[in-house]
Structure formats: C-alpha cells, structure tokens
Amino acid sequence: MAEEDLHRIDEKKPWRVLEFYSGIGGMKYSLMASGVVAEVIEAFEINDSANDVYQHNFKHRPYQGNIQSLTGADLDKYNADAWLLSPPCQPYTRQGLQKHSGDARAFSFLWILELIPHLSKPPQMLFVENVVGFETSDTRVEMIDTLTKSDYVTQEFILSPLQFGVPYSRPRYFCLAKKKPLSFQSQHNNNKLLWSPGPLYGRDDQSEFGKSQAEEGLDNLVQFCEPVEKFLELEAQVDGKLISSFDDSENGSKDCYGQEDDSVPETVQQYLVPISLIERWGNVMDIVYPDSKRCCCFTKSYYRYVKGTGSLLATVQPKIKGKESCLKEQRLRYFTPREVANFHSFPEDFEFPKHISLRQRYAMLGNSLSVAVVAPLLRYLFDS
Ligand SMILES: C[S@@+](CC[C@H](N)C(=O)[O-])C[C@H]1O[C@@H](n2cnc3c(N)ncnc32)[C@H](O)[C@@H]1O
C-alpha cells in the first residue's frame, strides 16, 4: 500500500470514493448512513432524469455519460480509495433473458473490470451490488477472476432488508473486495458467499451463514420487523375505522392505472387501484395490511404493472385477511413513491424535483437499493 494511503488510515482523512451508476444516490446515502469518514469525489450516471434527482438532493451533478467511455487515465486522475458500483441488473434478472455478459447492458461493467489491472492507482476497496442471479453469472466469474489476479480478497453476501428489521423482501447480491495488504475483520469468510449479516456484527458462527439457514430463519426474523404502517406517509384505515378522509366514490369508474395521467397525485384517492384491475388481476396481486411484517420488492415497473412488481396496501382491513375476503371492498392502493423510499430506508429529506413524473419516480426507486442493508456492509468494508 502506498505511504499516502497508510496516512489516510492513520489520520482519518476522508476516503476518496467514486460512485458508478449513481442513479438517485442510494450508494451515497448508504455511505452517509454508514458513519464512514468518506467523500464521494465523483459520480457517474448516463440518465438525465436520475442526474436531476441526484443534483436536487446533493447539489452536485454526476458526470453524465457512458461509463464505457472512461479510460484508465480518466480513473487514475481521481486517485480514489474506493469504488462503489451498482451496474444494470437486467442481464441477470429471472424475468429477463439472462444473457449475462452477452447482454449489451453488461458491457460497461465488464469494461471497468478490464481497466483494473492496468491502472496505476487502483482502488483499495470495491463494492458491487446486483440482483440475485448475478452470483451464478459469467460476469461474476470474470469479476472474481480479475480481482483475484489483481491481488484483492473478496467476501460475497446475499442479504435482504428483512434481516435488518425492515418489513421488506428485497434480497440482493453484494461483493466486497479489499486490495492486499488490507484485510477483512473475519478473514475466514474470504472467498465465501454468505447469507447472513452475522460477520458485519462480529458474529462468527459460520453454521448460520448458508442459504438454507437464511431461508429457514427468515420467518423467525419477520416477527422482529417493524409493521408496514410505520412506513406510510398517507394514513391507512385500521380496525374498520377510517382514519384518512378521502372519498373513493369514483373508484369504481376508474379503469386505467396511471398510464394516461402520469402526474404526481396529491390525494390518497388517486393512489387507489381501479376496480377493473382488481377484477382482472386480483389473483396475482400481493396484498399487505398496515400490521403486516413483510412486503414484496418494488421493481421499476411498479404502478405500470401489478404482477410481481410490488405489494399493494389494503386500506380497509377485512375480518379475514387475504383473498378470501372481497378484494374490491379492501380498497387497495399503491404505495406512494415516498413510502417506497421509506422501505428503501432513504432519509426523510430525500425528495424528487417537481418535474419528475410519477412513473419515473417509481422506476428510479425500483432501480435503487436498501440503505438499511448497504450502510452496514460499507461500514464492514471500510473497517480496518
Ligand atoms: C441498478 S441502477 C443503480 C441505481 C443506483 N444505485 C441508485 O441508488 O439509484 C443502474 C444505473 O446505471 C445507469 N447506467 C446503466 N448503464 C450505464 C452506463 N453505461 N453508463 C452510465 N450509467 C449507466 C442507469 O441509468 C441506472 O441509473
């Protein structure tokens, strides 16, 4: 390690961090929440609207361009200690064609990997986030191969917000890498894929860390999660008593779900799911209640499609929960973008600029990440 890097550790100078695929800044929020003394010196993102949101909240506009056009010299000049990367997930999602490294959307990440061995100032630490499915991809094989040859040690995790007290199922893959002679606190977890947050808290009973233990343990963990109602900005009806004051008398006549009107609703009524949609798709909807301890992953297609894109909230609680009771009478509504941000544990002061449409808000949030999960992972990565 260069002498200046050792000084950085000794003097607690802020780590210099690059944020690739910055989107709406989930990595930056996680770094802030982690308590690590660090500074994002540059962010890279191709999407104009995502950059508007980033700039609105952080007063800095990311470098707007294709990451694939960056050169080794461009990256060397930042002299960064750590790189945080959340490359596109579509090549690896179960819904996609799973073309892995053959998918054009994987090229920019493969390009970044290719640059690493040729850098004169490679990062001391790397953090990569992706969907479950990435761990079996050829891109992951390429990544681990490059990192190992370039003298990094790695630990990989699959973790969900449910394991951090948030009633939200969003398991994601993470790779943490440190360049030797830096090392992890629990070195016996090097080169392993772990399904438990135990090592982040110094718990080292490895028998707990496998996939099957994690899956078995989830039901148990769910009871320690906060209820969904703690994440709501709009009030919900509980115990048959209407707390919110909206009148949904027009609900029955509404037969589209936001495709025509993409403006941001101002009342809870506008988030109600049209009756026609409930009639057609009710059997595939995931319904949760204010006292539920789990809701499904919000994807970037939430609000545009109902199947597999995220949960809907019943604002009227029936005597028997679920689909045995009439769904139309449960007055289902979409979670608002602010509520999705709450499930992602974004800070209260996060906001969208006014010109960002409702669908763009859901899309960008669906692409983002859970601060509750990433912050402790970053703390563990930067811990020396
Ligand atoms: C999975 S999302 C990451 C979101 C981010 N972590 C957040 O919190 O919002 C991937 C992001 O990478 C951007 N992106 C995809 N390909 C890119 C490329 N070649 N160059 C720059 N940005 C790219 C997309 O626009 C998208 O915002």
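Helices here are DSSP runs of H or I with at least four residues, numbered from the N terminus. Ser-34 sits in helix 2, which covers residues 26–34. The model is predicted.

**Overall fold**

The protein chain has eleven helices and eleven strands. It holds 384 residues, and 57% of them are buried. Consider contacts between residues at least 6 apart in sequence: 70% of these join residues at least 24 apart.

**Ser-34**

Is Ser-34 buried or exposed? Its relative accessibility is 5%, so Ser-34 counts as buried. Its side chain has a polar atom 3.1 Å from the backbone nitrogen of Val-36. Setting aside residues up to four places away in sequence, Ser-34 touches Ala-375, Leu-378 and Arg-379.

**The ligand site**

The shell around the ligand has 19 residues. Gly-26, Glu-45, Asn-66, Ser-86 and Ser-368 come nearest. By type, the shell divides into seven nonpolar residues, eleven polar ones and one charged.

| Residue | Backbone atom | Ligand atom | Distance |
|---|---|---|---|
| Ile-24 | N or O | oxygen | 2.9 Å |
| Gly-26 | N or O | oxygen | 2.9 Å |
| Ile-46 | polar atom | nitrogen | 3.2 Å |

How much of the ligand does the protein cover? On its own, the ligand has 600 Å² of accessible area, and the protein covers 89% of it.

**Cys-89**

Which residue does UniProt list for "active site"? The record, an unreviewed entry, gives Cys-89. Such annotations may be inferred rather than shown by experiment.

Where is Cys-89 placed? This residue lies in the loop between strand 4 (82–85) and helix 5 (107–115). Why does Cys-89 count as buried? Buried means under 20% relative accessible area. Cys-89 has 18% relative accessibility, so it counts as buried. Leaving aside neighbours within four places in sequence, Cys-89 is in contact with Asn-130 and Val-131.

Both Ser-34, at 5%, and Cys-89, at 18%, count as buried.

Terms used
Residues numbered from 1 in each chain as written. Predicted model: local features only at pLDDT ≥ 70, side-chain atom pairs only at ≥ 80, totals over all residues. Heavy atoms only, no water. Near = heavy atom within 4 Å. Polar contact = N/O pair within 3.5 Å; in protein donor to acceptor, adjacent residues only side chain to side chain. Areas by Shrake-Rupley, 256 points an atom, 1.4 Å probe, with all protein chains shown as cover. Nonpolar A, V, L, I, M, F, W, Y, C, P; charged D, E, K, R; others polar. Helix = DSSP H or I, 4+ residues; strand = E, 2+ residues; numbered from the N terminus. Buried < 20%, exposed > 50% of the residue type's maximum accessible area, 1.4 Å probe, protein only. Contact = heavy atoms within 4.5 Å.
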